[in-house]
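Thanks for coming, everyone. Let me put the structure up, and then we'll walk through it piece by piece.

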Amino acid sequence: MRLEPLTIDHVDALVEAANEDRAAYGYTVVPQSRDDAVSYVELMMSMWESGEAIPFAQIDVARDRLVGTTRYLSIRRVDESSPPFAVEIGGTWLSATAQRTPINTNAKFLLLNYAFTTWGVSRVDLKTDARNGRSRAAIERIGATLEGVLRHWQPSQVLGEEGLFRDSAMYSIIDAEWPAVRERLTMMMADGRD
């Protein structure tokens, strides 16, 4: 598994990955058409340029193909010249064939390790629609702590709920917990678990 910066060159591969089977995308925005993918990548790149997010393509190295995206977002700094003190990992989606494989575990390990080891953050946030049991289970499986459900936290991304707000289940991993979480993820990856 490899993470690489998301660029316009990934558009066709994004469309292919996103359309393997769309049944699991009820709670997140996943581009469907080529035009959707171009807009999606352009938005992610503009967020990167403005410092709002750092988007990545998730690459299945064994099959040499893009299988989804993920990103750092809500990058919080004391000032523009300081490294982040906290960050969120989110905006993650995977193709149907990559779901329930070790790819997401490997990606989270890379993102968490960089955040805690290189940036030296004090916390990493992970959040999901409170109704998304599958995502919540995946977040809990890596060792994040549920902090609570924030009511009407952000606009819903569920089709047909335009203009409505969702409750978000907020999780975190703090720096003191990182060694145990790192060990847990290392064991999961060694066992080939998701």
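Predicted model: local features only at pLDDT ≥ 70, side-chain atom pairs only at ≥ 80, totals over all residues.

**A walk through the fold**

Strands β1 and β2, the latter covering residues 53-60, pair in the antiparallel sense. Four bridges hold that pairing on the list.

Now step back to the whole sheet. In what order do the seven strands lie? The order is β1-β2-β3-β4-β5-β7-β6. The sheet is open, and its pairing is mixed. Look at the edges next. β1, residues 2-5, stands at one edge, and β6, residues 145-155, at the other. Each has a single partner strand, so one side of each has no neighbour in the sheet. On average, neighbouring strands are turned by 30° against each other, ignoring direction.

Next, the helices on the sheet. Helix α2, residues 34-49, lies across β1, β2, β3 and β4. For orientation, β3 is 65-76 and β4 is 86-94. The helix runs at about 130° to β2. Helix α4, residues 133-141, packs on the sheet too. Its contacts there are with β5 (123-129), β6 and β7 (165-174). The direction of α4 makes about 160° with that of β5.

Let's stay with α4. Which of its residues are buried? They are Arg136, Ala138 and Ile139. These residues cover an arc of only 160° around the axis, so they sit on the same side of α4. And what do the buried residues of α4 pack against? The partners are β5, β6 and β7. After the helix comes glycine 143, with a positive phi near 110°.

Now the chain as a whole. There are five helices and seven strands. From the N terminus on, the elements read β-α-α-β-β-β-α-β-α-β-β-α. The radius of gyration is 16 Å, close to the 16 Å that the globule rule gives for 194 residues, so the chain is as compact as a globular protein of that length. Its C-alpha atoms fill a box of roughly 45 × 40 × 35 Å along the principal axes. Of the 194 residues, 45% count as buried. The accessible surface comes to about 9,800 Å², and 53% of that belongs to carbon and sulfur atoms. Take contacts between residues at least 6 apart in sequence: 61% of them join residues at least 24 apart.

Threonine 105 lies in helix α3, residues 103-119. Is threonine 105 buried or exposed? Its relative accessible area is 3%, and the cut-off for buried is under 20%, so threonine 105 is buried. Leaving aside neighbours within four places in sequence, threonine 105 contacts Leu185, Met188, Met189, Arg193 and Asp194.

Last stop: two residues with positive phi. Aspartate 64 has phi near 50°, though the residue is not glycine. Where is aspartate 64? The loop between β2 and β3 is its place. With 61% relative accessibility, aspartate 64 counts as exposed. Histidine 152 also has a positive phi, near 50°, and is likewise a residue other than glycine. Histidine 152, though, lies in strand β6. At 55% relative accessibility, histidine 152 counts as exposed.

That's the tour. Over to you.

Note on methods:
Residues numbered from 1 in each chain as written. Heavy atoms only, no water. Pairing = 2+ DSSP bridges. Axes fitted to C-alpha atoms, helices over the stretch in contact; angles between N-to-C directions. Contact = heavy atoms within 4.5 Å. Rg over C-alpha atoms; globule rule 2.2 N^0.38 Å. Buried < 20%, exposed > 50% of the residue type's maximum accessible area, 1.4 Å probe, protein only. Areas by Shrake-Rupley, 256 points an atom, 1.4 Å probe, with all protein chains shown as cover. Arc of directions from axis to C-beta.
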